[in-house]
Amino acid sequence: MTGSRRKQAVGEPYLLEFHGTECDHCVDMLPLVHKIEKELGVTMLKLEVWHNPRNNRLLQKLDSSSVCGGVPFFYNRISRQFICGATTYKNLLAWAKSEGCASFLPPETAQGQEEDRSKSAFERLRSKGMERLQERSKPVTPGGSSSDSTKSQSAATSENKESGFLAVPFLLTPKKKKRSLPWYVCPRTKS
């Protein structure tokens, strides 16, 4: 051994593929993985991380900066290159041959379809948001109100609406925002 690098044992798999059993993107990559194994005469070590904590710890060690944070995750122990998520056959082949590869390169066939889906999802969210905004900005007609100090929050809200004021909901501490993964990556752990 020299430094932190160790020599690769003869016959030991140097290509690692981390996946989740129920991960759709991982399943989509299986035919490409088998094709590369057959074409290059190599074996990829397939490590399931959703149901195996030991494999998940190894994935976290290799993806220590959480650049990827999900599966499928491909790691080449010779070149120390990785690929995050589903990718193209050409990119996966270059990775397996220890040639230059892109760490983040989504599959060609599904990208356009996914972009359309995300655009339509964005449009749905936008239209719902606009509807809510218009609903909240409608003028409220003034009406009678009583000044009972023991009213519930819902009664106070309706009182505010009746008096012509828009009620501001009680603000709770915001939840920690989860980092968004690209569409071609499943989360590292199954939720």
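**Charged side chains**

Guide: Glu 12 counts as partly exposed, at 25% relative accessibility. The model is a predicted one. Side chains of opposite charge can pair when their charged atoms come close. Here the side chain of Glu 12 meets that of Arg 77 in a salt bridge, with 2.2 Å from N to O. Glu 12 lies in the segment before β1 and Arg 77 in the loop between β4 and β5 (82–84), so the pair ties together parts that are 65 residues apart in sequence. Arg 77 is partly exposed, with a relative accessible area of 22%.

The count comes to two salt bridges. Besides the pair of Arg 77 and Glu 12, there is a salt bridge between the side chains of Lys 46 and Glu 37, at 2.6 Å from N to O. Glu 37 has a relative accessibility of 13% and counts as buried, because buried means under 20%. Lys 46 is partly exposed, with a relative accessible area of 31%.

The charged end of Lys 35 sits over the ring of Tyr 89, 4.5 Å from the ring centre.

The strand β1 that follows the segment of Glu 12 covers residues 15–19 and holds Phe 18, while Phe 73 lies in strand β4 (residues 73–76). Phe 18 is buried, with a relative accessible area of 0%, and Phe 73 counts as buried at 1%. Phe 18 and Phe 73 belong to one aromatic cluster with Phe 82 and Phe 104.

Conventions:
Residues are numbered from 1 along each chain as its sequence is written. This is a predicted model: local features need pLDDT of at least 70, side-chain atom pairs count only at pLDDT 80 or more; totals for chains, interfaces and linings use all residues. Side-chain values use heavy atoms; hydrogens and water are left out. Helices (H or I, at least four residues) and strands (E, at least two) are DSSP runs, numbered from the N terminus. Buried means under 20% relative accessible area, exposed over 50%, partly exposed in between (1.4 Å probe, protein chains only). Rings of Phe, Tyr and Trp (its six-membered ring) pair if their centres lie within 6.5 Å; planes under 30 degrees apart count as stacked, over 60 as edge-to-face and the rest as tilted. A charge sits over a ring if NZ of Lys or CZ of Arg is within 6 Å of the ring centre and within 35 degrees of the ring normal. A salt bridge is a side-chain nitrogen of Lys or Arg within 4 Å of a carboxyl oxygen of Asp or Glu.
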